[in-house]
Structure formats: structure tokens, C-alpha cells
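Open the model in your viewer and switch to a cartoon view. Keep the selection tool at hand.

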Amino acid sequence: MKYLGVDFGLRRVGLAISRGELASPLDTIRVKGLRDAAAKVSEFAKSQEFTKIVVGLPEGKMGQVVLGFIKALKRKGFEIETADETLSSQKAIQAMVELNVSKKARRFSDAQAAAIILQNFLDSK
């Protein structure tokens, strides 16, 4: 199965890929809100023929926004799974520090966070 991992944000969306049991960071796309994010992720997922999309689901108010994003993707015909995204961004930054990634590059850890979310989902299966 080909999975697309998503770390949703209102300005940037991190993407990760998995064709087997390991997730890898893929890309970060800039977006202008929920609708733009849903449109861009949908377009990307269709062009790359992903089987399933795994979206990180945070708690609280942002979790409600993410549920709206998920609903928009489902309306476009995608099969969606959710995964806990607790501390995924912090873990991504920590991993980048350990790899000696520059501070400037660490500001854009969204794809790495998406890979952590997707890997947690794959590990739970």
C-alpha cells in the first residue's frame, strides 16, 4: 500500500510517504488556509496515486480544524486514517538537531513531523 502522511497546518502542510513499513519525509507545501490545504493535498495525492492518507490529529481547537480538513478530503473521495500527532513536531526538531541540521532549516520540520506521524500509524498496525 502507498500511504501519504500529513502534518496539517494553516500555513504549511508537511507530507511523508510510505510504500512499505518505513515512512520518509517528502515535502512541505505552503497553503493559505484549510480550503487551499485540502485542494493542494488532494491534487498531490491524486497525481501520485496514493492508496490512503494518514492525517495527524491534534487535541483541542486545532483538532477541530483538522477534522474539517479531513472532511474535505473525504468529500474528494480519499480514504483517510488519523494518527495521534502528540509531540510529533518536537520529535522532528529533536531528530534534526541530532543530525546537525542548521537552525534555519529546522524551522521547516513539517515533512519530518509528517514522517513521524505516518511511522507511528504504521507501527500501530
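This tour goes from the sheet to its helices and then to single residues. Keep in mind that the model is predicted.

**Stop 1: the sheet**

Select the strands. They form an open sheet of five, in the order β3-β2-β1-β4-β5, and the pairing is mixed. Now look at the edges. β3 (24–30) and β5 stand there, each with a single partner strand, so one side of each has no neighbour in the sheet. On average, neighbouring strands are turned by 25° against each other, direction ignored.

**Stop 2: β2 and β3**

Select residues 12–18, which are strand β2. β2 pairs with β3 in the antiparallel sense, over six bridges. For one of the bridges, pick Ile-17: its partner in β3 is Ser-24.

**Stop 3: β4 and β5**

Move to β5, residues 80–84. Its pairing with β4 is parallel and runs over five bridges. Then turn to α2 itself. The helix lies across β1, β4 and β5, and runs at about 170° to β4.

**Stop 4: Glu-49**

Go to the loop between α1 (34–48) and β4, where you will find Glu-49. Is Glu-49 buried or exposed? Its relative accessibility is 65%, so Glu-49 counts as exposed. Check the backbone too. Most residues other than glycine have a negative phi. Glu-49 is not a glycine, yet its phi is positive, at about 55°.

**Stop 5: Lys-52**

Step along to Lys-52, in strand β4 (residues 52–57). Here the relative accessibility is 7%; buried means under 20%, so Lys-52 counts as buried. A polar contact of 3.4 Å joins its side chain to that of Lys-52.

Terms used
Residues numbered from 1 in each chain as written. Predicted model: local features only at pLDDT ≥ 70, side-chain atom pairs only at ≥ 80, totals over all residues. Heavy atoms only, no water. Helix = DSSP H or I, 4+ residues; strand = E, 2+ residues; numbered from the N terminus. Buried < 20%, exposed > 50% of the residue type's maximum accessible area, 1.4 Å probe, protein only. Polar contact = N/O pair within 3.5 Å; in protein donor to acceptor, adjacent residues only side chain to side chain. Pairing = 2+ DSSP bridges. Axes fitted to C-alpha atoms, helices over the stretch in contact; angles between N-to-C directions. Contact = heavy atoms within 4.5 Å.
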